[in-house]
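Biologist: I'd like to learn how to read a fold like this one. Could you walk me through it?

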Amino acid sequence: MFYFLSKTIDFILMPVGIMFFLLVYAHFTKNRTNSRRAILFIILSFFVLCNTYLITNAFRWWEFPPKNIADLPSDYTVGIVLTGGLIRLADSRIDHPGLGNHADRILQAYLLYKAGKIKKILISGGGTQAVKLRRDDGYQASLLLKKWGVPAADVVLENKSLNTRQNALYSAEVLRRQFPGERYLLITSSFHLRRAEGCFAKVGLHVDTFPTDIYGIELLPRLRDFIRPDPEVFGYAHLLWREWIGYITYRVVGYC
């Protein structure tokens, strides 16, 4: 039920949804002052959410800082990779996967494995009809790792979880059953790491973290980064806003 409700209200709480309802209000309200205020708020919001400088720095404030692989110890037994945007399949007839928006998670897990920092890779996520068809992120990512030379025995799949809370719950079951008392490294997008780490802590599993897929890059700002709205940046702002809503929701219900 939580999963269904979270997806149902997702649009309402997102920037596009908020601006949509404000536009509807501005159109139908008889109070012209409030209408103008709503339109002004939409314009200002659009400027802020499309501003490269502001959104990049928002990511830098929220995200975990990057880590060097060479600086990590070599005693992690399992690297835990959370799915979601790892793989993109263009067509059911295609015999090879494409990389998704957050494929850096699986790439960094592979690099950590090849560097000897982790011995096993647990891919957590699935729980949809795609699992039955073997078109889900986890299964396709595991195939990719095997093509890259990772032995099948070193790749473990957890394909029941639908969200970050379940990632933690079901991964904990696998780890306690197959790798009890070992050291674990949580590998996911840096913007998502705060919520993910909190979820694992809530289920009593201590993990170290390795941030990937970092959006708050070092920026040498140009004048246009301050004044020119960039529609691509709006998508990044939507991603960050969505994570903030998810984090607050998880905190309220006690998931992290």
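Predicted model: local features only at pLDDT ≥ 70, side-chain atom pairs only at ≥ 80, totals over all residues.

Biologist: Is Leu145 buried or exposed?

Modeller: Buried means under 20% relative accessible area. Leu145 has 0%, so it counts as buried. Leaving aside neighbours within four places in sequence, Leu145 touches Ile106, Tyr110, Ile121, Ile123, Val150 and Val155.

Biologist: Now the sheet. What is the strand order?

Modeller: In general, strands of a sheet pair through backbone hydrogen bonds, either parallel or antiparallel. Here the five strands form an open sheet with parallel pairing, in the order β5-β4-β1-β6-β7. β5 (155–158) and β7 (208–212) are at the edges with a single partner strand each, so one side of each lacks a neighbour in the sheet. From one strand to the next, the twist averages 25°. Inside the sheet, β1 (residues 76–82) and β6 (residues 184–189) pair over four bridges, with Val78 partnered by Tyr184 of β6.

Biologist: Which strands does helix α6 touch?

Modeller: Helix α6 (residues 104–114) packs on the sheet against β1, β4 (118–124), β6 and β7, and its direction makes about 160° with that of β4.

Biologist: And how do α10 and α12 pack?

Modeller: α10 (residues 190–202) and α12 (residues 231–253) have axes 9 Å apart, at an angle of about 15°. That makes α10 roughly parallel to α12. Their contact includes Phe191 and Cys199 of α10 and Leu239 and Tyr250 of α12.

How values were computed
Residues numbered from 1 in each chain as written. Heavy atoms only, no water. Axes fitted to C-alpha atoms, helices over the stretch in contact; angles between N-to-C directions. Helix = DSSP H or I, 4+ residues; strand = E, 2+ residues; numbered from the N terminus. Parallel < 35°, antiparallel > 145°, perpendicular 65-115°, else oblique. Contact = heavy atoms within 4.5 Å. Buried < 20%, exposed > 50% of the residue type's maximum accessible area, 1.4 Å probe, protein only. Pairing = 2+ DSSP bridges.
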